[in-house]
Amino acid sequence: MQSTRLNRLLNVILERFKQWLLNPWRRISLLIISLLFGNFAATALSTIAGQEGYLDVLYALICLLITEILNWLVYGSKGKIARSLGIDILNGFKIGFTYGLFLEASKLGS
């Protein structure tokens, strides 16, 4: 790739962002945000599915596929991909998503 000014600028921005993420508190805050966003996505998806009422099986299949694909990405490739921040964020989203679905199920069961 050519070393243009735009390419160099993007490389500098990316390196500064990587340095910013090396702080453990920032990493933990991003992981907590991903947990909360997963919980929000589960609540929103279950609310939409409950409101429409005719696509329940399709929404259940989508939730299952999301969870299984994220499981495959996080746990299926043990030696191939190092545990990076992106993988940990996806895993946090999955955990929040699953927790949100269980929370909605317990609300409906009581």
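Me: What share of the accessible surface of the protein chain belongs to carbon and sulfur atoms?
Reply: This is a predicted model, where local features need pLDDT of at least 70, side-chain atom pairs count only at pLDDT 80 or more, and totals for chains, interfaces and linings use all residues. Residues are numbered from 1 along each chain as its sequence is written, and side-chain values use heavy atoms, without hydrogens and water. By the Shrake-Rupley method with a 1.4 Å probe, the accessible surface comes to about 8,400 Å². The share of carbon and sulfur atoms is 70%.

Me: How many aromatic pairs does a search of the whole structure find?
Reply: Rings of Phe, Tyr and Trp (its six-membered ring) pair if their centres lie within 6.5 Å; planes under 30 degrees apart count as stacked, over 60 as edge-to-face and the rest as tilted. On this basis, the number of pairs found is four.

Me: Why is the pair of Phe 37 and Phe 93 tilted?
Reply: The ring centres of Phe 37 and Phe 93 are 5.7 Å apart. The pair is tilted because the planes stand at 35°.

Me: Is Phe 93 buried or exposed?
Reply: Buried means under 20% relative accessible area, exposed over 50%, and partly exposed in between (1.4 Å probe, protein chains only). Phe 37 is partly exposed at 49%. Phe 93 has a relative accessible area of 18%, so Phe 93 is buried.

Me: Which residues form one aromatic cluster?
Reply: The rings of Phe 93 and Phe 97 are stacked, with centres 6.0 Å apart and planes at 25°. The one cluster consists of Phe 37, Phe 40, Phe 93 and Phe 97.
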